[in-house]
Amino acid sequence: MAKYSEKAEDKVHKALHEEKEGTLKSGNGTKVTSRKQAIAIGLSEARKQGAKVPKKKS
C-alpha cells in the first residue's frame, strides 16, 4: 500500500526541483536552503489540495 499519492509525490518533486534551482520561498519570503524544508513545503501543498498524505506528527 502506497504511503503517499501520486499528487503528493508530484508536489514534493516540484518543491525539491525549485529548491535546487534556488527559487523556492518559505512562508515569510526567505529562500529555502534545506532539503527537509523543501519536502515539508511540498507535503503541505499536497495536503491543501486534498492528496493522500499522512497526518503531521505533533
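A pocket is an open set of grid points where a probe fits, with protein on both sides within 12 Å along at least five of seven lines. Keep that in mind for the second stop of this tour, and remember that the model in your viewer is predicted.

**Stop one: two helices**

Select residues 6-21, which form helix 1, and then residues 35-48, which form helix 2. Two packed helices are described by the angle and the distance between their axes. Here the axes come within 8 Å and cross at roughly 140°. That makes helix 1 oblique to helix 2. The crossing of this pair is right-handed.

Now show the side chains where the helices meet. On helix 1, pick A8, K11, V12, A15, L16 and E19. On helix 2, pick R35, A38, I39, G42, L43, E45 and A46. Colour this contact by class and you will find eight nonpolar, one polar and four charged residues.

**Stop two: the largest pocket**

Next, select K3, Y4, A40, L43, S44, R47, P54, K55, K56 and K57, which line the largest pocket. How much space lies in this pocket? About 180 Å³. Colour the lining by class too: it has four nonpolar, one polar and five charged residues.

Finish on L43, which belongs to the helix contact and also lines the largest pocket.

Note on methods. Residues numbered from 1 in each chain as written. Predicted model: local features only at pLDDT ≥ 70, side-chain atom pairs only at ≥ 80, totals over all residues. Heavy atoms only, no water. Axes fitted to C-alpha atoms, helices over the stretch in contact; angles between N-to-C directions. Helix = DSSP H or I, 4+ residues; strand = E, 2+ residues; numbered from the N terminus. Parallel < 35°, antiparallel > 145°, perpendicular 65-115°, else oblique. Left-handed = near helix turned anticlockwise from the far one by under 90°. Contact = heavy atoms within 4.5 Å. Nonpolar A, V, L, I, M, F, W, Y, C, P; charged D, E, K, R; others polar. 1 Å grid on protein atoms, 1.4 Å probe; cavity = no way out; pocket = protein on both sides within 12 Å on 5 of 7 lines; lining within 4 Å. Points joined across faces, edges and corners; volume = space filled by probe spheres on them.
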